[in-house]
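User: I am new to this structure and would like to learn how to read it feature by feature. Could you take me through it slowly?

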Amino acid sequence: MYITSPSGSSSALPITSLFPFLYFMIQDLRVAKREEDIGFYAGFLGASYMVGRGFASIFWGMVADRIGRKPVILFSILSTIVFNTLFGLSVKYWMAITTRLLLGALNGFLAPIKAYCIEVCRNDQQALGMSTVNTAWGLGLAQPAKQYPHIFHDKSIFGRFPYLLPCLCISILATLALISCIWLPETLHKHTNLEMVVQTADASTTQEHTEVPKKSLLKNWPLMSSIITYCVFSLHDTAYSEIFSLWTVSDRKYGGLSFSSKEVGQVLTVAGATLLVYQIFIYRWLDKTLGTINSTRFASALSIPIIAAYPFMTHLSGVRLGVALYIAAMIKSSLAITRVSGTSLLQNNAVPQGQRGAANGIATTLMSLFKSAAPAGAGIIFSWAQRRQHAAFFPGDQMVFLLLNLTEVLGLLLTFKPFLAVPEHYK
């Protein structure tokens with residue numbers, strides 16, 4: 001089970017690690033003519049990964065159902081190593097867009113690893129296993145020659161390519177994950193009798209499932225309703241990640257906090273470290289106590305006041321600002337994992353093993369389309385909001401977080417009947 005954690009992080013980190021330095025990267029690429037336009041270009045760069053993944057995810061899910069989970073996982077991690085490193089070497093906006101697009105298209109990791117997680121974990125371990133798939137955090141390592149001049153020289157490779165170091169760190173982590181996959185057992189088993197019991201790779205650590213005749217995934221409402229809810233939450237989380245990073249580094253005259261890339265990376269790193277503790281010691285207990293659906297609802301409802309508090313942090317400074325921001329970021333990341341993991345568990349328990357790869361491919365495709373719209377939309381909205389910072393009705397920063405909260409409310413409503421259909425496993 002625990003092999004999913006380093007592998008999952010090596011896939012998810014290329015997404016979230018971009019946000020701490022995205023604002024500064026757009027500045028250095030010199031595509032934005034005005035400071036207020038940086039969010040616009042940042043949005044499309046952030047969306048390019050999701051566009052690529054959206055086009056290819058169903059294909060990778062079907063491949064995983066045909067030839068196995070392990071080959072797709074290995075190829076996906078290898079593509080992460082190559083194209084994430086190339087992204088760090090980008091010196092033109094079109095180069096950055098292209099490498100992110102290819103990185104998303106060739107990374108078919110998410111669909112098979114979610115199926116794998118359900119197949120290799122016992123019932124009481126599924127919540128923990130699924131949550132580790134989505135774990136990621138930011139790295140405050142961009143522009144090392146500027147942040148750490150006593151270590152990195154301006155004429156060194158990290159001086160000439162200021163965003164290579166965080167990308168290289170992720171590629172090294174992905175390389176370690178690739179090596180660890182040597183010991184990864186295959187869990188896909190083919191049977192001629194659809195009624196027989198499916199045994200996963202290790203009988204001592206897995207649960208038994210009884211296969212049922214396959215039906216159209218698009219007509220499987222427990223699956224599709226959970227996917228739609230998952231997509232709304234994913235849209236919210238991606239928009240939040242981009243807006244949080246843009247908001248913290250933007251100037252205070254635009255309603256931001258004037259943070260550096262290093263400071264944003266530190267906040268996200270602490271939130272990520274807290275997230276690991278939450279997953280290991282709290283989330284599994286919460287899922288067992290409240291149940292998957294109620295814990296998802298609880299996390300969604302609690303996210304609303306947290307997000308509403310962000311724009312008022314601009315009135316704080318020093319230690320009070322640091323304490324408030326760190327606590328909010330830590331709680332928000334834990335709540336996000338709770339929601340996404342809960343809806344992922346519902347999806348994977350709504351289909352038999354032979355359809356899990358394809359089902360997760362559909363979920364990843366739709367989620368990627370939502371996530372590709374999120375950073376582009378968030379960037380446009382953020383740029384628009386900065387131009388109306390002194391409006392009487394919901395000034396810029398308040399309007400941005402209000403719109404974030406509206407998507408959270410929508411996701412919360414979708415977790416209730418009659419929209420959400422519960423898989424038989426949870427009845």
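User: In which loop is R30 found?

Analyst: Please keep in mind throughout that this is a predicted model. R30 is found in the loop between α2 (19-29) and α3.

User: What is the phi of R30, and how should I read it?

Analyst: The general idea is that most residues other than glycine have a negative phi, and most peptide bonds are trans. R30 is not a glycine, yet its phi is positive, about 55 degrees.

User: Which residues does a cis peptide bond join?

Analyst: The cis peptide bond is the one between K417 and P418, where omega is about 5 degrees, and P418 lies in the segment after α16.

User: Why does the span of helix α3 agree with its number of residues?

Analyst: Helix α3 covers residues 38-67, and because each of its 30 residues counts for 1.5 Å, it should span 44 Å, which agrees with the 43 Å between its end C-alpha atoms. Even so, α3 bends by about 45 degrees at A56.

User: What does helix α12 span between its end C-alpha atoms?

Analyst: Helix α12 (residues 261-290) spans only 38 Å, whereas a straight helix of 30 residues would span 44 Å. In α12 there is also a kink of about 50 degrees, and this kink is centred on Q279.

User: At what angle do α3 and α15 pack?

Analyst: The two helices pack at an angle of about 175 degrees, and their axes are 7 Å apart. An angle over 145 degrees counts as roughly antiparallel, and therefore α3 is described as roughly antiparallel to α15. The residues of the contact of α3 with α15 divide into 13 nonpolar, 14 polar and four charged.

User: How many cavities of 30 Å³ or more are there?

Analyst: The count comes to two cavities, and the second largest cavity holds about 40 Å³ of space. Its lining includes W247, Y254, F382 and D397. The elements that give two or more residues to this lining are α15 (356-386) and α16 (396-413).

User: How do the residues of the lining of the second largest cavity divide?

Analyst: Five residues of that lining are nonpolar, three are polar and one is charged.

Methods. Residues numbered from 1 in each chain as written. Predicted model: local features only at pLDDT ≥ 70, side-chain atom pairs only at ≥ 80, totals over all residues. Heavy atoms only, no water. 1 Å grid on protein atoms, 1.4 Å probe; cavity = no way out; pocket = protein on both sides within 12 Å on 5 of 7 lines; lining within 4 Å. Points joined across faces, edges and corners; volume = space filled by probe spheres on them. Helix = DSSP H or I, 4+ residues; strand = E, 2+ residues; numbered from the N terminus. Nonpolar A, V, L, I, M, F, W, Y, C, P; charged D, E, K, R; others polar. Expected span 1.5 Å × (residues − 1). Bend = angle between axes of the 7 residues up to and from the residue. Axes fitted to C-alpha atoms, helices over the stretch in contact; angles between N-to-C directions. Parallel < 35°, antiparallel > 145°, perpendicular 65-115°, else oblique.
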